[in-house]
Amino acid sequence: MNKHDPVIIVGAGLSGLRIASLLTARGFNCSVLESRERIGGRVLSEEVAHRPDLGRFDLGPTWFWPHYERTITKLVKELGLRTFEQYNTGLMLSERSRNEPAQRYVLPEGTMERSFRIMGGIQSLIDGIKATLPPGTVQLNTRVTSIRQEENGAITLETDGKRDRIRAGAIILTLPPRMVARNITFWPQLPPDLIASMDNKPTWMAAHAKAIAVYERPFWREQGLSGLASSWVGPLQEIHDASPDTGAGALFGFFGTPAKTRQELGKDKILKLVVEQLTRLFGPAAENVSALLYKDWSSDPDTAVDEDAEPLRDYPSYGPLLSVESWENQIIFAGTETTSEQGGHLEGALQSAERAVSELMELYKTQG
């Protein structure tokens, strides 16, 4: 292959866009195919309808940790993005019963690792990378359904079940491994041990849902509360201050309620229970929500398969997938589930992007 052979990147999440940016800077011809109608993948930052003044709130990943996540920290600086520290000042709440007031605790100094957020949400990072790409690099609403190696060694892709004959010199797959194994057909078939390895990598965040209650101001801070809370009662199991750096207030929570139960209850009932819980914890002012935002990733067909509905009991065994020698290594796997360090995090997605580019450069040297 040479730099004029198109490199097709499947998935316009953080790793896919970063790969395209790095390759474009090296003079490669790239195209990013994305099944969704938006970029970002599991990064999702939303504004309140008709109230952009309240800010943009993360329904996907929220934080990064500069102390030990060097890759994302460097990129944030390169893109000129502004950050602020996660608010954790004040008392923490612990709820063990609906009938008893939540207990208040002072967290010892240093208990929580300092984390940072990006102004405008993590979507600002996605938008910043996208701005480095030539117009037309990303094709939305384009679902890859099969990948075929032709007799002459060329690779062609089908999208949305149609043989569009998209030709590629190499393919970089950045989708969650389970999504690749279940939704894309390969000819010749991938080795069985590789398919098994992909099936055994749970998709990070796929079993979770996030709810965000947005307020005109972070009133709990006036009560000496940090916004941090844990609950044995639910529906939210873990709650954090999600307020922008100035102005509006917001609380977000991860659910302890299983995915199946959430789906049976439905969005309206779930959000009613969320407001009831926040009112128990933070007082009557919590009822006066300006907006409620909700994303159940277990119901997202571009994120989760049925097995992902089961919550993770232990940290998954993530790491690189095997190279496919039968395809002359022209298929490369990336994404946050394919990195051994910081797998599942934004940092892991970026590390996998750098590794994938290194693998492609080696392929270019041997076949160019």
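Reader: Is His50 buried or exposed, and what is its relative accessible area?

Author: Burial is read from relative accessible area, with buried meaning under 20%, exposed over 50% and partly exposed in between, using a 1.4 Å probe and protein chains only. By that reading His50 is exposed, with a relative accessible area of 78%. Since this is a predicted model, local features need pLDDT of at least 70 and side-chain atom pairs count only at pLDDT 80 or more, while totals for chains, interfaces and linings use all residues. Residues are numbered from 1 along each chain as its sequence is written, and side-chain values use heavy atoms, leaving out hydrogens and water.

Reader: Where does His50 lie, and what is its phi?

Author: Helices and strands here are DSSP runs numbered from the N terminus, with H or I over at least four residues for helices and E over at least two for strands. His50 belongs to the loop between strand E3 (45-48) and strand E4 (51-58). As a general rule, most residues other than glycine have a negative phi, and most peptide bonds are trans. The phi of His50, however, is near 65°, a positive value in a residue other than glycine. Met205 also has a positive phi, near 80°, and its place is the loop between H5 and E15; Met205 is buried, with a relative accessible area of 12%.

Reader: Which residues are joined by cis peptide bonds?

Author: Trp187 and Pro188 are joined by a cis bond whose omega is about 0°, and Pro188 sits in the loop between strand E14 (185-187) and helix H5 (192-199). Gly234 and Pro235 are linked by another cis bond, with omega near 10°, and there the proline belongs to the loop between E16 and E17.

Reader: How should I read a nonpolar core, and which residues touch the most other members in the largest one?

Author: In soluble globular proteins, nonpolar side chains tend to be buried together. A nonpolar core is a set of buried Ala, Val, Leu, Ile, Met, Phe, Trp, Tyr and Cys residues joined through side-chain atoms within 4.5 Å. The largest one has 38 residues, of which Ile19, Leu23 and Ile172 touch the most other members. Among the elements that each supply at least two residues to this core are strand E1 (7-10), helix H1 (14-25), strand E2 (30-33), strand E13 (170-173) and helix H8 (346-367). H8 gives the most, with eight residues. Another core lies apart from this one, with 23 residues that include Leu157, Val180, Trp327 and Phe333.

Reader: What is Leu23 in contact with, leaving aside its neighbours within four places in sequence?

Author: Contact means heavy atoms within 4.5 Å, and on that basis Leu23 meets Val7, Phe28, Cys30, Ile172, Val357 and Leu360.

Reader: In what order do the strands of the parallel sheet run?

Author: Two strands pair if DSSP finds at least two bridges between them. Five strands form an open sheet with parallel pairing, in the order E9-E2-E1-E13-E20. Strand E9 (138-139) and strand E20 (331-333) have a single partner strand each and stand at the edges, so one side of each is left without a neighbour in the sheet. Between E1 and E2 there are four bridges in the parallel sense; Val7 has Cys30 as its bridge partner in E2, and Val10 stands opposite Leu33. From E2, Cys30 and Val32 point one way, Ser31 and Leu33 the other way, and all are buried.

Reader: How do helices H1 and H8 run against these strands?

Author: Axes are lines fitted to C-alpha atoms, for helices over the stretch in contact, and angles run from 0 to 180 degrees between N-to-C directions. H1 lies across E1, E2, E9 and E13, at about 170° to E2, and H8 lies across E1, E13 and E20, at about 160° to E20.

Reader: Which strands make up the sheet with mixed pairing?

Author: That open sheet has seven strands in the order E7-E6-E16-E17-E18-E15-E19. Its twist averages 20° from one strand to the next. E15 (residues 209-215) runs antiparallel to E19, joined by six bridges, and also pairs with E18 in the antiparallel sense over six bridges. Lys210 shows both pairings, with Lys295 as its bridge partner in E19 and Phe254 in E18. Six of the seven residues of E18 are buried, so that strand is largely enclosed by the rest of the structure.
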